[in-house]
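Dear colleague,

Please find below the structure that I am handing over to you.

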Amino acid sequence: LLTEHRVPTGRLVLEITEHALVEQGETTRTLLQRARDLGVRVAIDDFGTGYSSLSYLRHLPVDMVKIDRTFITDVHQTDTSATIVGGVTRLAAGLGLEVVAEGVEDEAQAVALAEVGVRWAQGWLFGRPGPLAEILAGLTAPEAVGGGVRH
C-alpha cells in the first residue's frame, strides 16, 4: 500500500501498546522487525501505563516511546511528573529513541515539557479531531504545525 500510494516508508509510524507487546511476545517482535526492515518506524504507545519493563526498550525494534497523558496532565504543576517525564526522555535519548508526549492541552504543559527535554508533543493544543477533509486542508495550509504534533 505504501508503494501503491507513493508514501515513503519512513513517514509511517506503527504504534503498539505495552500491553500488546507483552501479550504477543515473539510474534509481535518478529512483525515489528519486518516493518522496520521496510523502513517503517515503530512507537510504544501509552508508555508508562502498562508493564513498563525497560527490557522492551533494549530488545524490541522500536524507534520511539509515546509518554502517556497521565504523566503529562500535571507535568507543569508537580515535580514528580516532571521528574518522571524528564527521566524517560533522557533514558530514551540515550538509547537513540524519540519521545512524544501525548495529551498536551495547554501552553503551560508544552513549556514544562520543553524544559525537561521533550521535543515532540501531540494533543488538543495543536489540533482537534475532525473530518478528514478539514484535517488534510489544514496540513497544506502555510501555518500548519504538523497535524497535531509539534516539534
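**Overall arrangement**

The protein contains seven helices and six strands, where helices (H or I, at least four residues) and strands (E, at least two) are DSSP runs numbered from the N terminus. This is a predicted model, in which local features need pLDDT of at least 70, side-chain atom pairs count only at pLDDT 80 or more, and totals for chains, interfaces and linings use all residues. Residues are numbered from 1 along each chain as its sequence is written, and side-chain values use heavy atoms, with hydrogens and water left out.

Of the 151 residues, 33% are buried (under 20% relative accessible area, with exposed meaning over 50% and partly exposed in between; 1.4 Å probe, protein chains only).

**The nonpolar core**

The largest nonpolar core has 29 residues; such a core is a set of buried Ala, Val, Leu, Ile, Met, Phe, Trp, Tyr and Cys residues joined through side-chain atoms within 4.5 Å. Its largest share, four residues, is supplied by α5. Val 65, Val 85, Val 104 and Leu 113 have the most contacts inside this core, a contact being heavy atoms within 4.5 Å. Leaving aside residues up to four places away in sequence, Leu 113 touches residues including Ile 72, Val 85 and Val 118.

**Helix α2**

Thr 28, Leu 32 and Ala 35 are buried in α2. Seen down the helix axis, the buried residues of α2 fall within an arc of 55 degrees, so they line one face; the arc is that of the directions from the axis to the C-beta atoms. The face turned away from them carries the exposed residues Glu 26, Thr 27, Arg 34 and Asp 37. Cover for the buried residues of α2 includes β1 (13-17), α1 (18-24) and β2.
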